[in-house]
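Hi everyone, thanks for making time this morning. Let me put the structure up on the screen, and then we can walk through it together.

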Amino acid sequence: ALQTITETVPIDLMIEMRKHLDEMENSQLKAVRNEARKITLEKWQERWTGTVEKGQWTKKLIPEIKTWMECKHKILDYQMTQFLSGHGYFRTYSKRMGKTEQEICVFCGGHLDTPEHTVLKCDRWTEHRQEIMDDIGEELVVTNIIDYMLRNKQQWQKGHNMVKKIMPAKETEERERQRQA
């Protein structure tokens, strides 16, 4: 999942591509590079699609590696990476890491505190989602949030700002709640 988020081609595929490039003449290099990149992305996509053990949340958000990599306006930071990887201040993740015993959202109760719930569903953060929901005319869901953000720089910024508001606020409120308990 992290390799996909950060556009880091798996090392074995990179080595294979570079070996292939080293065998070609310089005059053909640009065309060969493009073809090698295409083949590498196809192999990576095949591997990504076939992965069933790890990175499933990320795969739901980013099903197509080529589309993700072609987006040049995206900005990745700590909060966005938490959301994209699911390795953030989510109780399902905290429980898996042995830091909490409960997986239920402390803000609305009754729902598992997953990245999907926090950013896309929890009533506590509805106001942060509203601008994007108004833009697309429907609820934000796993299948439309990243598609929306990849369309253009302005839409990426709206999604990015939403995540940057929700994640730190959630962490701060949760820590304060724990201090008072």
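So, starting at the N terminus, the elements of the protein chain run α-α-α-α-α-α-α-α-α-α-α. In total that is 11 helices and zero strands. Please keep in mind that this is a predicted model.

A few words on the overall picture. Along the principal axes, the C-alpha atoms of the chain fill a box of roughly 65 × 40 × 25 Å. The chain has 181 residues, and 41% of them count as buried. If you take the contacts with a separation of 6 or more, residues 24 or more positions apart account for 54% of them.

Now let's look at helix α3, which covers residues 29-50. How far does this helix reach from its first C-alpha to its last? With its 22 residues, α3 reaches 31 Å, close to the 32 Å expected at 1.5 Å a residue. Its buried residues are L29, V32, A36, T40, L41, W44, Q45 and W48. As you look at that list, remember that an α-helix has 3.6 residues a turn, so residues three or four places apart point the same way. And what covers the buried residues of α3? The cover includes α1 (2-5), α2 (11-22), α4 (56-61) and α5 (65-70).

Let's move on towards the other end of the chain. Helix α10, residues 142-150, packs against helix α11, residues 153-180, at an angle of about 130°, and their axes are 6 Å apart. That angle makes α10 oblique to α11. On the α10 side, the contact is made by I145, Y148, M149 and L150, while α11 brings Q155, W156, K158, G159, H160 and M162. Sorted by class, this contact has six nonpolar, three polar and one charged residues.

While we are on α11, I'd like to stop at one of its residues, E173. Is E173 buried, partly exposed or exposed? Its relative accessible area is 28%, so E173 is partly exposed, given that buried means under 20% and exposed means over 50%. Which residues does E173 touch, once we leave out those up to four places away in sequence? They are F107, R124 and W125. For a sense of distance, the C-alpha atoms of E173 and V163 are separated by 15 Å, and these two residues lie 10 apart along the chain.

That's my tour, and I'm happy to go back to any part of it with you.

Definitions and conventions. Residues numbered from 1 in each chain as written. Predicted model: local features only at pLDDT ≥ 70, side-chain atom pairs only at ≥ 80, totals over all residues. Heavy atoms only, no water. Helix = DSSP H or I, 4+ residues; strand = E, 2+ residues; numbered from the N terminus. Expected span 1.5 Å × (residues − 1). Buried < 20%, exposed > 50% of the residue type's maximum accessible area, 1.4 Å probe, protein only. Contact = heavy atoms within 4.5 Å. Axes fitted to C-alpha atoms, helices over the stretch in contact; angles between N-to-C directions. Parallel < 35°, antiparallel > 145°, perpendicular 65-115°, else oblique. Nonpolar A, V, L, I, M, F, W, Y, C, P; charged D, E, K, R; others polar.
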